[in-house]
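Hi,

Here is the structure I said I would pass on. My notes follow below it.

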Amino acid sequence: MNEKGRSFPVDPNLPRWLCQNCHHYLCITGVDSYADKFLNDSSRSGLQGSSMHGANSVLGSTRMDNSFVVLSKQRPPAQGAPPRPRGGAVQSDTGQSGKAMDESFVVVYKSESSSDGGGNHLPSPDGGPNGPLQPNNSGFNSTITVLKRAFEIATTQTQVEQPLCLECMRVLTDKLDKEVADVNRDIEAYEACLKRLEGEPRDVLSEADFLKEKLKIEEEERKLEAAIEEVEKQNAEVNAQLKELELKSNKFKDLEERYWHEFNTFQFQLISHQEERDAILAKIEVAQAHLELLKRTNVLNDAFPIWHDGEFGTINNFRLGRLPKIPVEWDEINAAWGQACLLLHTMCQHFWPKFQYRIKILPMGSYPRIMDSNKNTYELFGPVNLFWSTRYDRAMTLFLTCLKDFAEFAKSKDQENNIRPDDWFKLPYKIENDRVESYSITQSFNKQENWTKALKYTLCNLKWALYWFVGNTNFQPLSPAAVSRAEVASGSLYTKRGSDSKSEFR
């Protein structure tokens, strides 16, 4: 090992010590025999001195602080193996005993070597009896024993495990210096207090005063003992109350815990019921909206939509009438008459027997017929002769008569319901015998333009009767489109729609 320019050959078979603080290895340096042995000088034997050295430190040039133990000369035992140290190597040096070292050490006088040459050899690290140091080493063994004993004494005196390396010894020295300084400060403080107490004047009580003071103190002691007993009683009562309160508190905690469990269960059930209620309300809202839509749906108005297509009046998109330039097929005309007859028959049949259904309409699809009060039946379908169509003309006239009778019945119903005279039902186009306004509905000896115009006004009157029927019966309410065009319930529809209907169908 080379450190600070010095080299110490180390034999691995020699014992090695550990610092009890940092656990670094410490090396023992023999002064005479072992140092000469490692320096190839085998003529000398024994130890002149040994010292403790840290594995990470070397001999210094400063002198030690005289903290060492001087041992007397002794003859080592001739037989017996040396005590085995904790492990380590011996490191030798050529220095003499008493040489200056940086650490605390033990000076050992040179012991005499055994003359019988039968000393035990130092065992090798692996436990074998043979090693590089097989000559007489009883002096070394005695040195190890002495060092061990010195370490025990140092441990007892300093209350610190020995041996220590240089750095650890310095730390320990600083610590002990601080403790000594603290103790010295305490001593100075005690001495100052003692001087102050010695300087204070002393009042010596007489015997009588002492007895009085004693009795007074005893009386106070008895009072304090009685007070203590009272306080102990109160303490016992308070402890009892405290235990009772603790029991009540535990019960309240149990009740609170049960309450919160029940509260959470109730909240969960409440949320579930609220969600179920919201779902049901949503379904009800959808159902109500659907119901309102169905209530506003007019079956008759949807089944028999009456409108116009240019010069023609239409019902279910079937044109009713013919023009020279637009010859409508008879199948379409027959279908339109069938739809008109079915609608008027439905309205008249609803009010029977209040409505005297004198002229009966027989809806039969595209082949409707009209029966008069004498049970005579007339065909209301074509084709017919444009110049001689008496039966066809009679059927159309009877249809106008039936429509007029229904309009008069509707007016009488409004009078019964106490509706204002201005709001009584009135057809937008006046019907008189076979004429609607000034146009004849007959086909014989009539212009096609006039006939088509009369049919158009007839459909307008039929639509007006449909509005009244829907508004005054529970058959079906009006659709939103019909309500926007007529106010049937108030009766203002008839007067308002008179001019509108004429303008639409003209």
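Cys 402 is buried, at 2% relative accessible area (buried is under 20%, exposed over 50%, partly exposed in between; 1.4 Å probe, protein chains only). Its sulfur lies 4.0 Å from the closest cysteine sulfur, that of Cys 348, which is too far for a bond. The disulfide rule asks for a pair of cysteine sulfur atoms within 2.5 Å. By that rule, the disulfide count is zero. Cys 193 is partly exposed, at 33% relative accessibility.

Some ground rules. This is a predicted model: local features need pLDDT of at least 70, side-chain atom pairs count only at pLDDT 80 or more, and totals for chains, interfaces and linings use all residues. Residues are numbered from 1 along each chain as its sequence is written, and side-chain values use heavy atoms, without hydrogens and water.

Next, the sheet. Strands β13, β14 and β15 form an open sheet in that order, with antiparallel pairing. Strands are DSSP runs of E, at least two residues; helices are runs of H or I, at least four; both are numbered from the N terminus. Pairing takes at least two DSSP bridges between two strands. The edge strands are β13 (360-362) and β15 (377-379). Three bridges join β14 (residues 369-371) to β15. Met 371 has Thr 377 as its bridge partner in β15.

Last, the helix. Asn 418 follows α7, with a positive phi near 60°.

Best wishes
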